[in-house]
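Reader: Could you take me through this model feature by feature, giving the general idea before the particular case?

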Amino acid sequence: MCVQSTFMKSPNPSICILDAFTTNPGDLSWEALASLGNLTVYDRTSPSERLERAEGHHILITNKVVLDKGLLCQVPDCELVCLLSTGTNAVDLDYCRERGIPVCNIPAYSTDSVAELTFALLLDWARGVHVHGEAVREGAWCDSADFCFSKTPQRELAGKTLGLVGFGEIARAVARIAAAFGMKLLACTPHPEGKPEMGQDFVTLETLLAESDVVSLHCPLTEATQGLINEDRIAMMRPGAVLINTGRGGLLDEAAVAAALKEGVLGAALLDVLSSEPPRADNPLLSAPNCTITPHIAWATRAARERLISILVENVTAFLEGNPKNVVNPA
């Protein structure tokens, strides 16, 4: 049975972080947050531990620990939910709205970090930096009959067309980098009006897929975008095109992408996210050819994590002062 919130905001609220480790594995400080109340920090929380750890706390903070109606209706003291992320999939926003619980996210903290990893993946595909660096360390250059050698094709990005699916802050940061490399820009967004002019042409998704050498995903994961890149849309892409996903794993039909890589329809997939994280060992992308996967690290630079914690503190402070900010479930 669900119970209603009864907590009248305390001058010394009880604050609980349910999964702190990925944000702060020990190289940063929670001191500023601890100064706002009685702070409890858990590195990780399993599904079976959620209720015991959430009970009695006025402010719950989560990254990936799911706070659904079934859990929240048993936690009457909760008055605020804060996310350690921009994405909001881990929290039942509708139920929190019904309960009058603001849910606050962390916007725009990792824009540059994600854009930089997007291009790190693309540049490594283009030039094979890590492959050649390892080959030299293993003695291949010492044994070479020539003054240079190539273990992967050497590709130039200048003049290639980059298609950006979504044109929010991260996509625009990627666009700035792409323009510096001399790439042509296409973008697809449901709301192009008012977006800054960065040399991009706004086109339909079908046109973007058909005309781009590289397709990079920067759209939110919604019912409409779940499995956005599927067998039918892969068939629209240029043969040998490169697919980059630093957004959300659920944007891909992973089986379809893996099949396209095996068949040589896609030239490469460069991914920082998967539909399930950590992935299952049988995820088809883990064994697909020409597929580079990094473990969801685009956001995780120290600079970005410092900004995240700073914005989190601002969110809690604003709530305690009676003026919540970055609320993603307004009444």
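**Reading the chain**

Author: Of the 331 residues of the chain, 47% count as buried, where buried means under 20% relative accessible area, exposed over 50%, and partly exposed in between, with a 1.4 Å probe and protein chains only. This is a predicted model, in which local features need pLDDT of at least 70 and side-chain atom pairs count only at pLDDT 80 or more, while totals for chains, interfaces and linings use all residues. Residues are numbered from 1 along each chain as its sequence is written, and side-chain values use heavy atoms, with hydrogens and water left out.

Reader: How many helices and strands does the secondary structure of the chain come to?

Author: Helices (H or I, at least four residues) and strands (E, at least two) are DSSP runs, numbered from the N terminus. By that reading the chain has 11 helices and 12 strands, and its C-alpha atoms fill a box of roughly 75 × 45 × 35 Å along the principal axes. With contact meaning heavy atoms within 4.5 Å, residues 24 or more positions apart account for 62% of the contacts with a separation of 6 or more.

Reader: Which way do the residues of strand β10 point?

Author: In a regular strand the side chains alternate between the two faces of the sheet. In β10 (residues 241–245), A241, L243 and N245 point one way, V242 and I244 point the other way, and all are buried.

Reader: In which sense does β10 pair with strand β9, and in which sense with strand β11?

Author: Two strands pair if DSSP finds at least two bridges between them. Strand β9 (residues 214–217) pairs with β10 in the parallel sense over four bridges, and V215 has L243 as its bridge partner in β10. The chain passes from β9 through helix α9 (residues 231–236) to β10 in a right-handed β-α-β crossover; right-handed here says that, with the strands pointing away from the viewer, the path from the first strand over the helix to the second runs clockwise. β10 also pairs in the parallel sense with β11 (residues 266–271), over five bridges, where A269 is the bridge partner of L243. From β10 the chain reaches β11 through helix α10 (residues 254–262), and this β-α-β crossover is right-handed.

Reader: Is N315 buried or exposed, and what is it in contact with?

Author: N315, in helix α11 (residues 302–320), is buried, because its relative accessible area is 0%. Leaving aside neighbours within four places in sequence, N315 is in contact with C82, C104, N105, I106, K325 and N326.
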